[in-house]
Amino acid sequence: MDLSALQKARYEYSPKLPGMLRNGISDICVKVGEATSSVADQDKIKALFPNTYGKEEITFVKGSNTSTPKKQVVGVILSGGQAPGGHNVVCGLYDAVKATDKNNVLLGFKGGPSGLIEDDYIEFDDEYINLFRNTGGFDIIGSGRTKLETEEQFKIVTEVAKKHGLTAIVIIGGDDSNTNAAVLAEYMAANNTGVQVIGCPKTIDGDLKNEDIEASFGFDTATKTYSEVIGNIERDANSAKKYWHFVKVMGRSASHVALECALETQPNICLIGEEVAAKKMSLSSIADYIADSVAKRAANGDNFGVAIIPEGIVEFVPEFSTLIKEINELLAGKKTEEFNALPDWAAKYDFIKNGLTAESMAVFAILPEFVQQQLFLERDPHGNVQVSLIESEKLFSALVKDKLAERKAAGTYNGKFNALHHFFGYEGRCAFPSNFDADYCYSLGYNAFMLIQYGYTGYLSKVSNLSKTADEWVAGGMPITKMMNMERRNGEDKPVIRKALVELDGKPFKFFEAHRDAWAVETAYTYPGAIQYFGPAEVCDLTTRTLALEKA
Ligand code: FBP
């Protein structure tokens with residue numbers, strides 16, 4: 001395999017463990033904390049998880065290891081979208097598994113949860129693991145989005161576990177995957193299979209966090225990667241002074257990624273979906289808000305700017321989410337075929353007009369035609385519009401252009417508006433993990449094995465105090481049921497981990513809110529530059545602005 005110079009250098013990097021895990025496996029013991037209860041719907045969650053509910057929070061501390069020695073055969077899967085650092089979770093897990101007993105085994109099930117069902121696996125050894133240390137990507141075993149949730153699937157997993165003598169399964173995933181980890185843990189406990197299940201918090205979206213989990217891994221590197229490029233674009237904009245750049249950033253629903261990039265780069269505009277929903281903003285009012293910045297800057301002679309748009313924004317605009325719901329109804333069942341069979345867009349437009357309420361049709365009518373058509377493109381397996389396929393960066397620039405034309409006609413604006421569009425998502429998901437993510441992920445994996453060794457199941461590997469240096473990080477575990485509540489999913493009440501949206505009274509948003517009016521008019525850009533892997537700690541080991549503000 002040909003290696004880049006950075007890849008070779010990163011192989012040599014030693015990820016930092018929390019101080020308390022540095023003593024060696026034989027010197028790590030457990031401090032048992034308080035019993036837990038779920039964040040809401042306690043009676044319902046307790047009834048659904050009789051074997052795993054209400055367990056205690058635990059922390060690892062220095063002291064003699066009191067776990068009962070036994071041969072461990074651990075299976076691991078990566079689940080969902082890629083996030084930088086996933087390889088290091090596997091490496092940390094592997095190192096702890098082998099440091100405890102070299103006869104222990106770590107199996108990697110390939111292609112995500114489906115690997116467990118199809119019994120498609122590899123057994124890790126030093127030679128293979130060493131190819132992936134401190135590198136980005138999930139290609140060590142691949143990932144997938146199959147949901148592990150049915151009794152039938154659990155029975156197959158139990159058979160696969162029995163065949164390999166698995167003592168534990170580690171699921172590295174987001175809120176849905178860890179919800180499934182909790183359900184699987186309960187099933188394994190209820191059926192006395194002896195298989196423990198441990199989760200690790202992953203997602204670049206940053207929405208798997210709560211009072212216990214300070215950050216999901218991958219958010220740090222992905223946002224730094226996007227911020228680097230947004231900063232470069234800002235500098236280009238400020239040099240050429242002729243374009244408005246509309247930059248969409250990933251984040252399926254929550255706007256944490258957009259907010260973090262805004263805190264890093266101080267653009268002229270950043271939309272926050274959660275605020276749009278709270279203020280019930282319409283497409284038109286959002287377009288006016290952006291047009292105000294364009295017009296004020298133009299009045300100062302600045303016909304350029306940068307606007308950050310979160311990927312999930314349209315679902316937060318009340319009138320747009322109603323429109324999406326109506327379209328989902330309109331195309332339900334066989335009606336999709338009927339719609340697709342219509343000869344041209346004019347015929348399809350009539351079909352839509354007859355099917356939507358007058359209010360939704362009014363919203364639909366103001367959309368540029370390419371967005372109208374995107375709303376009728378591919379559907380997800382549940383028949384829903386895939387909002388990530390809607391080019392909201394182009395939608396908003398088109399709406400702003402219309403607003404500016406109206407203002408020009410009214411004589412209230414006399415600038416130039418040339419828009420360019422970008423979408424940053426996949427560019428950041430497999431970047432070489434920052435030192436923070438490399439350290440955090442390795443620690444999560446190492447710690448996951450500590451939880452296994454001490455017999456815990458239904459726990460999320462927890463490493464906290466993350467805004468401090470790694471030697472002050474705290475390692476332990478939290479029952480996943482503590483993070484759960486009941487939510488309506490596909491017409492049914494289901495126990496799920498509560499997703500963390502941007503808190504409008506939280507410190508990161510408050511900081512942004514206090515500065516954004518100035519940023520909207522001035523050119524206050526900051527240029528974070530590329531992630532640094534080698535050099536002084538104040539440059540290389542920086543956490544996100546979000547985490548720093550939350551913990552300030
Ligand atoms: P996870 O929730 O699985 O971590 O994935 C998040 C994400 O990266 C979103 O930001 C994005 O909308 C989505 O995955 C894209 O999914 P896909 O890789 O299937 O195109």
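Predicted model: local features only at pLDDT ≥ 70, side-chain atom pairs only at ≥ 80, totals over all residues.
Biologist: Which polar side-chain atoms lie 2.8 Å or 2.9 Å from an oxygen atom of the ligand?

Modeller: Thr 203 has a polar side-chain atom 2.8 Å from a ligand oxygen, and Glu 311 places a polar side-chain atom 2.9 Å from an oxygen atom of the ligand. The ligand has 480 Å² of accessible area on its own, and the protein covers 80% of it.

Biologist: And which residues come nearest to the ligand?

Modeller: There are 13 residues around the ligand, and those that come nearest are Gly 81, Thr 203, Asp 205, Tyr 426 and Arg 429. By class, the shell around the ligand holds six charged, four polar and three nonpolar residues.

Biologist: Where does the ligand lie relative to domain 1 and domain 2?

Modeller: The ligand lies between them, because domain 1 (69-218 + 433-468) and domain 2 (222-428 + 506-545) both give residues to the shell around it.

Biologist: Changing topic, how much space lies in the largest cavity?

Modeller: About 110 Å³, and the count of cavities of 30 Å³ or more comes to one. Its lining has 15 residues, with Glu 214, Ala 215, Phe 219, Thr 544 and Leu 547 nearest the centre.

Biologist: Which element gives the most to that lining?

Modeller: That is H23, with three residues. The lining of the largest cavity also draws at least three residues from each of domain 1 and domain 2, and its residues divide into six polar, five charged and four nonpolar.

Key
Residues numbered from 1 in each chain as written. Heavy atoms only, no water. Near = heavy atom within 4 Å. Polar contact = N/O pair within 3.5 Å; in protein donor to acceptor, adjacent residues only side chain to side chain. Areas by Shrake-Rupley, 256 points an atom, 1.4 Å probe, with all protein chains shown as cover. Nonpolar A, V, L, I, M, F, W, Y, C, P; charged D, E, K, R; others polar. Domains from an automatic or database assignment. 1 Å grid on protein atoms, 1.4 Å probe; cavity = no way out; pocket = protein on both sides within 12 Å on 5 of 7 lines; lining within 4 Å. Points joined across faces, edges and corners; volume = space filled by probe spheres on them. Helix = DSSP H or I, 4+ residues; strand = E, 2+ residues; numbered from the N terminus.
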